[in-house]
Amino acid sequence: MPDNRMDILLVEDNPKDLKLALHALQNEKFSNHIEVARDGEEALDYIFRRGRHAGRDQNDQPRLILLDLKLPKVDGLEVLRAIKSDPRTKAIPVVILTSSKEETDLVEGYHLGANAYVQKPVDFDRFREIVKQLGLFWLVVNEPPPSAAFRSQ
């Protein structure tokens with residue numbers, strides 16, 4: 001995985017939240033590319049190079065995954081479980097970005113290996129600011145794992 005890439009996988013099914021998150025990330029120019037998955041199955045296909053993503057370079061993983069929990073087809077916790085249980089993907093930072101206020105979701109998310117859990121605010125400006133801050137920390141401030149962290153063990 002090239003260290004100079006700043007790619008994000010945004011897993012979000014709510015069109016309004018998707019638009020706000022994309023605007024915040026693109027406006028700050030945090031990412032060369034933002035891949036969008038609108039359900040859990042699409043996210044897993046992208047991450048594990050299945051279906052229409054089968055030809056994607058295995059060394060081309062996102063630097064950050066922003067993951068909603070309440071998703072169609074495969075829920076966010078199952079997506080997180082799959083990412084963090086596979087040696088090829090477990091080093092990818094996953095930030096749960098959800099409207100869920102359920103304590104069980106928070107606890108389970110951390111137990112499964114989430115790097116952060118952020119509750120989406122109702123206020124649009126605050127939501128944009130939070131996404132901006134997440135991008136700043138995870139893509140600019142945080143030191144990403146070396147490419148060796150993504151090889152099968």
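What is the handedness of the crossing of α1 and α5? The crossing is right-handed, and the views below place this helix pair, and a second one, in the context of the sheet of this predicted model.

**Figure 1. Overview of the predicted model and its order of elements.** The protein contains 5 helices and 5 strands, and from the N terminus on these elements follow the pattern β-α-β-α-β-α-β-α-β-α. Of the 153 residues in the protein, 52% are buried. Among contacts between residues at least 6 apart in sequence, 67% join residues that are at least 24 apart.

**Figure 2. The open sheet of 5 strands.** The strands are arranged in the order β2-β1-β3-β4-β5, with parallel pairing. The edges are formed by β2 (34–37) and β5 (116–119), each of which has a single partner strand, so one side of each is left without a neighbour in the sheet. From one strand to the next, the twist averages 20°.

**Figure 3. Strand β3 and its pairing with β1 and β4.** Strand β1 (residues 8–11) pairs with β3 in the parallel sense over 4 bridges, and within this pairing I65 in β3 is the bridge partner of L9. With strand β4 (residues 94–98), β3 also pairs in the parallel sense, here over 3 bridges, and L66 stands opposite V95 in β4. Between β3 and β4 the chain passes through helix α3 (residues 76–85), giving a β-α-β crossover that is right-handed. Along strand β3 (residues 64–67), the side chains of L64 and L66 point one way while those of I65 and L67 point the other way, and all of these residues are buried.

**Figure 4. The contact between α1 and α5.** The axes of helix α1 (residues 15–27) and α5 come within 8 Å and cross at roughly 50°, which makes α1 oblique to α5. As stated at the outset, this crossing is right-handed. On the α1 side the residues that meet α5 are D17, L20, A21, H23, A24 and L25, and on the α5 side they are F124, F127, R128, V131, K132 and G135.

**Figure 5. The contact between α2 and α3.** Helix α2 (residues 40–47) packs against α3 at an angle of about 15°, with the two axes 9 Å apart. The two helices are therefore roughly parallel to each other, and α2 passes α3 in a right-handed crossing. The contact is made by G40, A43, L44 and I47 of α2 together with V79, A82 and I83 of α3. Helix α3 is also the helix through which the chain crosses from β3 to β4.

Note on methods
Residues numbered from 1 in each chain as written. Predicted model: local features only at pLDDT ≥ 70, side-chain atom pairs only at ≥ 80, totals over all residues. Heavy atoms only, no water. Buried < 20%, exposed > 50% of the residue type's maximum accessible area, 1.4 Å probe, protein only. Pairing = 2+ DSSP bridges. Right-handed = clockwise from strand over helix to strand, strands pointing away. Axes fitted to C-alpha atoms, helices over the stretch in contact; angles between N-to-C directions. Parallel < 35°, antiparallel > 145°, perpendicular 65-115°, else oblique. Left-handed = near helix turned anticlockwise from the far one by under 90°. Contact = heavy atoms within 4.5 Å.
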